[in-house]
Amino acid sequence: MNIAVVLSNQTQRKAFAEKYDRSHIVTLEGKGLKISDFHHAVSAVGLFSEKRFIVVEGLFGQKSPRKTLDDFYEYMNKHVLPDDSVVVFVEDREPDAKPHALWKFLVSGKHVTHCPLLSGTALQ
C-alpha cells in the first residue's frame, strides 16, 4: 500500500503516467465522494497493468461533510489497501487548526509520503 498526501502538486501523477498505463489512473472528486466509489477504485483488478494510481482531489475541502471524513477514517482503519494501488490525496491547503482524525491518520502512516505546499525561498 502506498499513500501520499500532496498539496497542489501533479508531479506524482505525471511520473506514474510515464511509467505505467495511463488507463489505470483514476481521479475521484472529493466533494460528494462515497466510500463505495473509493473502494471500487482501489479494489478494481487491472487487466493489463499491475499498478493503479487513484487520485482523490479535495476530500478535506470545506464542502466535504464530516460524515464523509468519518466514513473514510473508518474505512482506512479497517481495510488494507492492495499493494498494487497508489492512493494520492491532493489538497490545496493544510487543514485548519484542528484537523480531522483522517488527516492525522494519513500524514502519520508508515507508508505515507507527505508533500507539504512550498512557499517563499523553498520554491527557488
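**View 1. The buried face of helix 2 (residues 35-43).** F38, A41 and V42 of helix 2 are buried, where buried means under 20% relative accessible area, exposed over 50% and partly exposed in between (1.4 Å probe, protein chains only). Seen down the helix axis, these residues fall within an arc of 90 degrees, so they line one face of helix 2; the arc is that of the directions from the helix axis to the C-beta atoms. The buried residues pack against strand 2 (25-29), strand 3 (52-57), helix 3 (66-78) and strand 4 (85-91), contact meaning heavy atoms within 4.5 Å. Helices (H or I, at least four residues) and strands (E, at least two) are DSSP runs, numbered from the N terminus.

View 2. T68, L69, F72, Y75 and M76 are the buried residues of helix 3, and they cover an arc of only 125 degrees around the axis, which puts them on the same side of the helix.

View 3. S85 is buried, with a relative accessible area of 0%. The side chains of S85 and R52 are joined by a polar contact of 3.0 Å, that is, a pair of N or O atoms within 3.5 Å, of which, within protein, one must be able to donate a hydrogen and the other to accept it, residues adjacent in sequence counting only if both atoms are side-chain atoms. A polar atom of the S85 side chain also lies 3.1 Å from the backbone oxygen of V42.

**Notes.** Residues are numbered from 1 along each chain as its sequence is written, and side-chain values use heavy atoms, with hydrogens and water left out. In this predicted model, local features need pLDDT of at least 70 and side-chain atom pairs count only at pLDDT 80 or more, whereas totals for chains, interfaces and linings use all residues.
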